[in-house]
Amino acid sequence: MSAAATRRLTTAQALVRFLAAQYTERDGVRRRLITGTWGIFGHGNVAGLGQALVEYRDAMPYHQGRSEQAMVHAAVGHARQLNRLSAQAVTTSIGPGATNLVTGAALATINRLPVLLLPGDYFASHAADPLLQQLEHPVEADVSVNDALRPVSRYFDRITRPEALLASALKAVRVLADPAETGAVTLALPQDVQAEAYDWPEEFFADRVWRVRRPAPDPAELADAVRAVRAAARPLIVAGGGVHHSEAEGALRDLVDATGIPVASTQAGKGALRHDHPADLGGIGHTGTAVSDELARTADLVIGVGTRYSDFTTASGTLFQHPDVRFLNLNITAFDAHKLAAGTLVCDARAGLSALAEALSGHRVDAAYETEYRAGKARWEETVEAAFRAEDDGAVPTQTQVLGALDAVVGDEDVVINAAGSLPGDLHKLWRARSPRQYHLEYGYSCMGYEIPAALGVQQAAPGTPVWALVGDGTYLMNPTEIVTAVQENLPVKLVLVQNHGYASIGGLSESVGAERFGTDYRHRVADGSFTGAPLPVDLAANAASLGMDVLRAKTVRELREALATARTATRPTCVYVETAPPSAAPPAAAWWDVPVAEVSAREAATGAREAYERAVADRRHHL
């Protein structure tokens, strides 16, 4: 009997070859799982993974990043654009390169989005000990800085021997491709093991297909769900990101068309219905529309589809106020389905919605309820028009008028990306989502610095699609470096850089909780120690230009519209820079959010805020 065929490669080479042969398949469509690898090289990965990526550069595309955190953001944006059916890998050196991955990993796992992290690690042999950048622990010699990635990874392993990769690589890829368990996956790679050779079985490198399941609902759970919907007088669907991940938008529309049940959306779920569908009520929760929040308060059945019910969505437990309100959660993840003591449909979103629509055949909400929510939707559309409208084209635009100008320019296929600051609230309330992929808000981690690198990942996933990163000055100063990568890879992303001289969102929150906007302005410090002087002489547009972007400066509403139209057709990375006029003109929040206020204080602002806080928190409910 002949020996099984083997191939002698280093561990790093074997890993790259293995990853290049992994595929996902859903609905009969096959896609490559790992479409490329982002990397910044140091002594911990240059001779291992760096050499392997050169060796197999035809099999594994490589993308050069400038910030380790940003590389993860780019990979996450890429995976979200492709409905989690493809992902990217990220390799870093040992030390700060590895620890810089933690924020991105947390973002990926919180948002249930796949990314493969491949940080370098200490010598498994301890031949060089301690080596440069190694963390020494007095009683745990196997601890490294990479252990900081354990709590933010859905799967973690340290590959201390080459043959350990055989089992671990398969486990890692299973998690990446699993719609219920996905998130950040970490394989920590000791640098000596990366370069060590081993005789790998040929089967390890064979093409492997991971089928992404669409589990159907349990018949008993479905029957219970149908009874709950038929018994409800005022049902409301809350559409989350799971609708998009499952490509269930059509199934949702079919259910809504048949039953008349209205739909409100989370930040991740916005666009599940087109904005002009008569049952689409826009965002829900603290950043939601008035019509969504009004209906949520009186809903007797809340049907959550693919949502994890963050505190923003539930208004910190104060939104759903009907005395007999119950919840029905359709989610592929049992952990999320059981939230709020809900009845459950643990299944794929598309499969569950289709089954629910079929089982509810002939059922429709009362005509008076439809009339009520459609009238509320019409009133809210007037609010949107007022926020977007500019009476004077020659005036400095407000932030909402910036959004109105962009709304007038984009097409259905464009993708608009944001994550943090005051823009998420304005966008959730006001943006008119025209397609499932157009509205791309990262609000699970709400990470400043996500937008620009995510735009790169989305642009890679959707070549030829206009991709917009909306960024305030605070976010821009956190992480602008991937502009250089956009220039290097000729990715024609469009950056809308809004200058309002400070942390506008947290400044407003600071004022509301009695902290008096302390430390939220970008201004000169004056004699009493406060930051209330003139704006700093910082030119962010010039900075973007210095990093290689084409920059269009817009001072008026008219100039802004012209600049946005020019940027949309640009074939190079292009920035539209605009300074906005206060206030933002966004409608106020229609629901509360719990940010605890100082219980005692000598300052009047804080004592007044505490009184308001105690009134609001009295409405909190525990749904049991």
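Reader: Where is the place of Arg84?
Author: Arg84 sits in the loop between H3 and strand S6 (87–92). Do keep in mind that this is a predicted model.

Reader: Why does Arg84 count as buried?
Author: Its relative accessibility is 13%. Buried means under 20% relative accessible area, so Arg84 counts as buried. Its backbone is worth a look too: Arg84 has a positive phi of about 70° although it is not a glycine.

Reader: What follows helix H3?
Author: Asn83 does, and its phi is also positive, near 55°.

Reader: How do you know that the reach of H3 is close to what is expected?
Author: Helix H3 covers residues 68–81, which makes 14 residues. From its first C-alpha to its last it reaches 20 Å, close to the 20 Å expected at 1.5 Å a residue.

Reader: What makes H3 largely enclosed by the rest of the structure?
Author: Of its 14 residues, 13 are buried, so H3 is largely enclosed.

Reader: His73 is in helix H3. Is His73 buried or exposed, and how do you know?
Author: The relative accessible area of His73 is 0%. The cut-off for buried is under 20%, so His73 is buried. Leaving aside neighbours within four places in sequence, His73 is in contact with several residues, among them Gly104, Leu107, Cys447, Tyr450 and Asn479.

Reader: Why is Glu516 called partly exposed?
Author: Glu516 has a relative accessible area of 39%. Buried means under 20% and exposed over 50%, with partly exposed in between, so Glu516 is partly exposed. You will find Glu516 in the loop between helix H21 (504–512) and helix H22 (540–546). Glu516 has a positive phi of about 60°, although it is not a glycine.

Reader: Let's turn to a pair of helices. How do the axes of H16 and H17 cross?
Author: The axes of helix H16 (residues 399–409) and helix H17 (residues 423–430) come within 11 Å and cross at roughly 50°. That makes H16 oblique to H17, because angles under 35 degrees count as roughly parallel and 65 to 115 as roughly perpendicular. The crossing of H16 and H17 is right-handed.

Reader: Which residues meet where H16 and H17 touch?
Author: Gln399, Thr400 and Leu403 of H16 meet Leu423, Asp426, Leu427 and Leu430 of H17. By class, this contact has four nonpolar, two polar and one charged residues.

Reader: What makes the peptide bond from Asp129 to Pro130 cis?
Author: Its omega is near 0°, and the bond is cis. Pro130 lies in the loop between strand S7 (115–121) and strand S8 (155–158).

Conventions. Residues numbered from 1 in each chain as written. Predicted model: local features only at pLDDT ≥ 70, side-chain atom pairs only at ≥ 80, totals over all residues. Heavy atoms only, no water. Axes fitted to C-alpha atoms, helices over the stretch in contact; angles between N-to-C directions. Helix = DSSP H or I, 4+ residues; strand = E, 2+ residues; numbered from the N terminus. Parallel < 35°, antiparallel > 145°, perpendicular 65-115°, else oblique. Left-handed = near helix turned anticlockwise from the far one by under 90°. Contact = heavy atoms within 4.5 Å. Nonpolar A, V, L, I, M, F, W, Y, C, P; charged D, E, K, R; others polar. Expected span 1.5 Å × (residues − 1). Buried < 20%, exposed > 50% of the residue type's maximum accessible area, 1.4 Å probe, protein only.
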